[in-house]
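Thank you all for making the time this morning.

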Amino acid sequence: MAASATGIFHRTYQRELALRHTRAEYVRLALVVVAILATPYLVDFYWLSVVNTILIAVIGAVGLNILVGFTGQISLGQGGFLAVGAFTSALLYQRAELPAPLSIACAVIVTAGAGALFGLPALRLKGLYLAIATLASQEIIVFIARRWTFLRDGSAPLSVDRLHIGGFEISRELFEWQWYWILVTCAVLSVLAARNLFRSSLGRSFMAVRDQDIAASAMGVNVTRAKVTAFAVSSGFVGFAGALSAHYTETVTWEAFTLEVSILYLAMIIVGGLGSIAGSVYGAFFLMLLPLFLNEVLHAAGDSLPFLLGRLPAIENAVFGLVIIVFLLVEPRGLDRIWQRMKDYIRFWPFRY
Amino acid sequence: MHKHSWAFAVATASALAFTACAPGGGDTGDTGEGPIKIGIIADLTGATGDVGTPYNEGMLGYIDWLNSEGGIDGREIDATSKDYAYDVPTAERLYKEYLNDGAVAIQGWGTGDSEALMNKVAADELPFMSASYAEVLTDPAEAPYNFVVAPTYSDQMRVALNWIAEEEGAATDVAFLHSDSPFGLAPLEDGQSWIEDEGLDISMEAYAMPAGAANYVGLVSQAEQQGAKYIVIQNVSSPAAQVAKDIQAQGANIKIVCLNWCADEQFIDTAGDAAEGHILISPFAPSTAEMEGQQVIEDYLSENGSSLEKEGLHYAQGWYTMHIMAEGMREVVEAGDDLTGEAIKTALETMGPIDTGGVVGTGEVEFSEDSHRGQTGTGIYVAEGGEMKPLETGVTP
């Protein structure tokens, strides 16, 4: 975790350990809480459904950032781990008739196990070599999902009954609205859990491994254990996101977990900020809203520029690539760092630093 | 720390209070006047965009024509068509957009997304027709709101296998080349059990066609090694035409049998003289078949400076799929009922046969409460002189 910003002085140890140090940070927290509470009343059900998919992406991005941003282990296996979570939860809920919270919890554990297993090559491999090893895990998992008929309902993809917990069932009219509260609770809890993970010795051992694994092991960090645990913890979050997406979309098909999904999630944490939990949230929002925003703009301009409309997916891909390149060049530490710099600018004004 | 937990408690308490009072719904349902809203999920630029584009244009053409004829009982159809580039999550998003906009019916496209949305449309009670003719969508017990207007992929496969067995008259090998997707795999199992059940003297091997491959030379030689004399293709026109070219280039003695989505003019145009002699199984009549139902399309297109020959048979396919949905709506409106998804479903199930002037299968499409299989008949064509020449029409398995 970065040291607290210049110009902020702590008088007690307790203050130093606090999650927030300034009054402005509490104001921001209050604003975020208000925004979370007000959102479902301000947007229609379509936009609420968009927010719901973003909330699932937030959990997945936080998970990936634990591995890539905080532990420095590149992973292209995100889509595969999402699939493990989704299929596990769907099968337990649908075929074994486990209650939803239990099936989701099992999915988290199973995905964590799968993550640890596929993370074993990380003990020997680094950087690009590890990226290719995790690419293999992505391909293996999706290949199994495609070919194993047990993971389908006959010839149709696995369908999941409408979510019911005890006597409560999601209603048809308020589908998005009820899911919003479930997903926002899950996302907030995941973010808080991840945030606090990096205040613990385990989280700090992850960062030590990322910064210099030899130095970390000299300091007494068990590098082997840290790497495998990082894969397990990260995959646990990802499995959680996958399980939620299974229950939310009510169908599980491998087509939603392709390599493109893995790359999209990597882009989220790069754009949001590697090694930053808040950055994962920003990145998820940014990259999930980008195609929608483009869509709206091009449809608005569509009447005068009809040739653009027909090339929408091509433009989407081009903008997607451009955004990543621009971020890597201009601000490799992503949106989170931009936000930090804006705060510093105000805090130190009129001085530069 | 103390301040923090206090804020958290307030947030939790107010969250609970907020969740207790739910908002009113979005723009749901039909008001009984003004345009009728329909959502179209189209593939214009994705993996199946080559055939998805004319299909979508056919749908929009039909709506344009219908509105100029006075719509349904004076009410126009207001259709929103958006491209989803054959991506399932995008289709799910578009579906929710249409649902929120108050659409009363959805026109979809691919097998993957139709199957993924199957439970959703049932829960939301929205009739859903798509260009996917997967077997599972015909069963009202599984997919109560999906309607399949054409013979299923499995039925097309059965017709193809019957034709091969009859043509060959002896033991023969067939290679089944399919798109590496739910669409491609849809008829495989049913085809294999058909061979067993009917005792056809055919041995069939399946090969997945990787998406975006530059050519299929490897697959063609695998089929040759297998000893296949026929290749049945379940994919869209462009890759199928590539297979035809590869067969010609290798000088292989193999005949292609294309199912619906590559059985069209595009296949012949793209493959050129490599297409000659190959067999096309199309449930929708091409312009060379000269059906009376094509006249209305021909008139509309010639007014707009085009022709059915130019637009191709998928245009007529989109046109008549939309026609069948519109006829269901007309039945509801003329009975004076509220135009809800449920009412359209009931109308389609009980209204009896819908005439398509010979364009779809044997000519009429009919659904019932027990079956949403609208047709079982298909035409068999041969590519000859750069055209689709009819061999047989209205063939059922």
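In which sense do β1(A) and strand β2 of chain A pair, and over how many bridges? This is a predicted model, so please hear everything that follows as a description of a prediction. In chain A, β1(A) and strand β2, which covers residues 156–159, pair in the antiparallel sense over two bridges, and within that pairing A:Asp153 has A:Ala156 in β2(A) as its bridge partner. These strands belong to an open sheet of three strands, ordered β1-β2-β5 in chain A, with antiparallel pairing. Because β1 (152–153) and β5 (251–252) of chain A each have a single partner strand, they stand at the edges, and one side of each is left without a neighbour in the sheet.

Let me turn to chain B, where there is an open sheet of five strands, in the order β2-β1-β3-β4-β5, and where the pairing is parallel. The edge strands here are β2 (77–83) and β5 (146–147) of chain B, each of which pairs on one side only. Further in, strand β1 (residues 36–42) and strand β3 (residues 105–107) of chain B pair in the parallel sense over three bridges, and B:Ile40 finds its bridge partner in B:Gln107 of β3(B). Helix α3 of chain B, residues 88–100, packs on this sheet and touches β1, β2 and β3 of chain B, while its direction makes about 175 degrees with that of β1(B).

Now to the domains. Chain B is divided into domain 1, made of 36–151 + 291–376, and domain 2, made of 153–282, and the C-alpha centres of these two domains of chain B lie 28 Å apart. Their contact takes 17 residues from domain 1 of chain B and 19 residues from domain 2 of chain B. On the domain 1 side, the elements that give two or more residues are α2 (49–68), α4 (111–124) and α13 (313–334) of chain B, and α4(B) gives the most, with three residues. By class, that side of domain 1 of chain B has six nonpolar, eight polar and three charged residues.

I will finish with helix α5 of chain B, residues 153–168, which has 16 residues and reaches 22 Å from its first C-alpha to its last, close to the 22 Å expected at 1.5 Å a residue. Several residues of α5(B) are buried, including B:Tyr153, B:Asp155, B:Arg158 and B:Ile164. After α5(B) comes B:Gly169, whose phi is positive, near 70 degrees.

How values were computed:
Residues are numbered from 1 along each chain as its sequence is written. Chains are lettered from A and ligands numbered from 1 in the order in which they are written. This is a predicted model: local features need pLDDT of at least 70, side-chain atom pairs count only at pLDDT 80 or more; totals for chains, interfaces and linings use all residues. Helices (H or I, at least four residues) and strands (E, at least two) are DSSP runs, numbered from the N terminus. The expected span of a helix is 1.5 Å times one less than its number of residues. A residue is buried if 20 or more other C-beta atoms lie within 10 Å of its own, exposed if 12 or fewer, and partly exposed in between; C-beta atoms are placed from the backbone. Domain bounds come from an automatic or database domain assignment. Two residues are in contact if their C-beta atoms, placed from the backbone, lie within 7 Å. Ala, Val, Leu, Ile, Met, Phe, Trp, Tyr, Cys and Pro count as nonpolar, Asp, Glu, Lys and Arg as charged, and the others, Gly among them, as polar. Two strands pair if DSSP finds at least two bridges between them. Axes are lines fitted to C-alpha atoms, for helices over the stretch in contact, and angles run from 0 to 180 degrees between N-to-C directions.
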